[in-house]
Amino acid sequence: MTAEATTEKSLYAELFEETSARVQANEPEWLARVRADALERFERAGFPTTDEEDWKYTNVAPIARGSFRPVASDEAFAHDAALVESFVYEESRQSRLVFVDGVFRPKLSSTEGLPKEVVVTDLRSALAGPHAEVVREHLAQSQDHDRDAFTSLNTAFLGDGAFLLLPKGVSAGVPVQLLFLATGPLDETAIFPRVLVVAERDSSATILESYAALNESAYFTNSVVETFVGEGARVVHYKVQRESERAFHVASTRASLGRAATYDLTTVTLGARLSRHGVEVRLSSEGAECWVDGLYLVGEGQHADTHSLIDHQSPRCTSHQNYKGILDGRSRAVFNGRVFVHRDAQQTDAFQSNKNLLLSSEARVDTKPQLEIYADDVKCAHGATVGQLEEEELFYLTSRGLHPDLARNLLTYGFAEEIVEKVKIESIKRQLDEAILNRLQAELEA
């Protein structure tokens with residue numbers, strides 16, 4: 001164990017003692033134990049290194065060397081509330097929870113547009129209310145929850161977070177936005193967002209998980225989202241990451257699906273100097289189905305890493321995975337997608353695809369789709385591509401009078417369009433269109 005690693009661990013142990021002293025008075029004993037156990041796991045493991053296979057291409061040493069500290073929960077919001085409104089999606093004006101630098105801001109939030117049966121609140125309120133046992137049953141209880149060091153770190157500093165409970169047979173009706181906004185009060189701020197979603201039998205909801213920044217400060221976001229989708233329930237989940245281009249963003253998204261449940265995740269990665277998104281979907285009951293799709297668009301100096309595990313544990317389940325990447329400048333992307341089919345998961349139908357478009361000779365992609373199959377009655381396929389724009393297609397467009405730059409931009413947008421068109425929230429779709437076109441420095445002509 002290096003002296004540097006010991007210093008890193010001591011910093012977080014010290015921060016843990018400081019934050020625990022503030023929250024323990026209003027914290028149930030079981031949660032205090034969960035947090036303490038998580039810190040012990042993190043202290044024991046430390047930050048991952050490139051010697052580990054799962055982190056071979058992503059070096060988190062800049063995070064490990066940093067002195068990132070959470071903002072005190074009682075710190076006042078020092079910005080005009082109108083600034084926050086610009087980050088709220090139109091579809092969720094009255095169905096949103098807002099967190100600023102990791103602190104829940106009830107005055108900036110609104111749940112007036114939701115049915116009264118739907119519970120959308122912060123975790124602290126949920127722990128103090130009638131749904132405390134639901135939180136206890138599900139929080140930090142997903143399979144292999146403690147396997148990842150960053151997840152352990154998030155759990156150790158678990159404080160403000162979001163809790164969504166969809167009772168049996170109830171639909172949220174409108175999209176619910178969870179906005180995590182960084183204001184950069186100081187460089188090296190640490191933000192630990194936590195989200196728990198429990199969708200009971202035959203319920204449904206659309207969740208908009210969004211990350212944004214007011215400025216280009218350097219900070220560290222470490223988020224964990226746990227979703228439990230009950231029998232026949234449907235959850236549509238969008239994650240849009242537009243952090244500061246000096247920020248670090250490490251996220252874990254875990255979903256457990258019941259019988260005939262449906263989970264549809266679409267991830268959009270645009271920001272952060274270094275981002276890592278771990279996705280685990282467990283199809284633990286017969287007839288479950290999931291879509292896990294994404295688009296990462298990175299430029300000069302950015303690094304985006306996606307690791308996914310689609311775990312087929314039961315028979316007659318279906319999974320679809322489609323990730324696309326556009327890389328420019330000296331950027332790098334990593335994709336490692338693993339589909340695991342257990343022996344009893346007969347009649348599994350699984351598809352996985354990763355396609356990458358390089359706009360620069362200095363951009364690099366490391367892609368590794370994997371199938372691990374122990375059942376004999378399955379239909380599984382996977383594939384990956386890395387390439388540049390086709391010269392024949394460019395020639396075709398330029399020969400019909402288009403400027404070469406516009407021709408390249410149209411072809412690039414066309415590459416991303418499959419994922420863009422999958423987005424059903426118009427505000428996100430417009431935002432994604434603008435982001436792509438701004439990166440390409442051109443306007444799409446109707």
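Reader: Working rule for this chat: two strands count as paired if DSSP finds at least two bridges between them. With that settled, what is the bridge partner of S204 in β11?

Author: S204 has R234 as its bridge partner in β11. Bear in mind throughout that this is a predicted model.

Reader: Do β9 and β11 run parallel or antiparallel, and over how many bridges?

Author: Strand β9, residues 204–213, and strand β11, residues 234–242, pair in the parallel sense. Nine bridges hold that pairing.

Reader: What packs on the sheet there?

Author: Helix α9, residues 404–422, packs on it. The helix touches β11, β13 (262–269), β15 (289–298), β17 (318–327) and β19 (348–358). The direction of α9 makes about 145° with that of β17.

Reader: In what order do the strands of the open sheet come?

Author: The order is β3-β2-β6-β9-β11-β13-β15-β17-β19-β21, which makes 10 strands in an open sheet with mixed pairing. At the edges are β3 (103–104) and β21 (378–387), each of which pairs on one side only.

Reader: Take β19. How many bridges join it to β17, and how many to β21?

Author: There are 10 bridges between β17 and β19, running parallel. Between β19 and β21 there are 10 bridges, again with the strands running parallel.

Reader: Which residue in β19 is the bridge partner of Y323, and what does N356 stand opposite in β21?

Author: Y323 is partnered by N354 in β19. N356 stands opposite V386 in β21.

Reader: How many residues of β19 are buried?

Author: Eight of its 11 residues are buried, and the strand is mostly covered.

Reader: Next, β5. Why is it described as largely enclosed?

Author: Strand β5 covers residues 162–166, and five of the five are buried, so the rest of the structure largely encloses the strand.

Reader: Which way do its residues point?

Author: A162, L164 and L166 point one way from β5, while F163 and L165 point the other way. All are buried.

Reader: Which strands does β5 pair with, and in what sense?

Author: Strand β4, residues 119–122, pairs with β5 in the antiparallel sense over four bridges. T121 has F163 as its bridge partner in β5. Strand β8, residues 194–199, pairs with β5 in the parallel sense over five bridges. L165 stands opposite V198 in β8.

Reader: Over to helices. At what angle do α2 and α7 pack?

Author: Helix α2 (residues 29–45) and helix α7 (residues 149–156) pack at about 145°, with the axes 7 Å apart. Their crossing is left-handed.

Reader: Which residues meet?

Author: From α2 they are V34, R35, A38, L39, R41 and F42; from α7 they are A149, S152, L153, T155 and A156. By type, the contact residues divide into seven nonpolar, two polar and two charged.

Reader: How many residues of α7 are buried, and what happens at the start of the helix?

Author: Eight of its eight residues are buried. At the start of α7, a side-chain oxygen of D148 comes within 3.1 Å of the backbone nitrogen of F150.

Reader: What else does N154 touch?

Author: Setting aside residues up to four places away in sequence, N154 touches F192, P193, R194, N222, S223 and V224.

Reader: Different spot. Where is G329, and why does it count as buried?

Author: G329 is in the loop between β17 and β18 (332–341). Its relative accessible area is 13%, and the cut-off for buried is under 20%, so G329 counts as buried. Beyond neighbours within four places in sequence, G329 is in contact with E300, S360, E362 and A363.

Reader: Last one, L432. Which helix is it in, and what does it touch?

Author: L432 is in helix α10, residues 426–440. Not counting residues up to four places away in sequence, L432 touches V268, L270, L295 and V420. L432 counts as buried because its relative accessibility is 1%. Its C-alpha atom is 22 Å from that of H307, which is 125 residues away along the chain.

Methods
Residues numbered from 1 in each chain as written. Predicted model: local features only at pLDDT ≥ 70, side-chain atom pairs only at ≥ 80, totals over all residues. Heavy atoms only, no water. Axes fitted to C-alpha atoms, helices over the stretch in contact; angles between N-to-C directions. Helix = DSSP H or I, 4+ residues; strand = E, 2+ residues; numbered from the N terminus. Left-handed = near helix turned anticlockwise from the far one by under 90°. Contact = heavy atoms within 4.5 Å. Nonpolar A, V, L, I, M, F, W, Y, C, P; charged D, E, K, R; others polar. Buried < 20%, exposed > 50% of the residue type's maximum accessible area, 1.4 Å probe, protein only. Polar contact = N/O pair within 3.5 Å; in protein donor to acceptor, adjacent residues only side chain to side chain.
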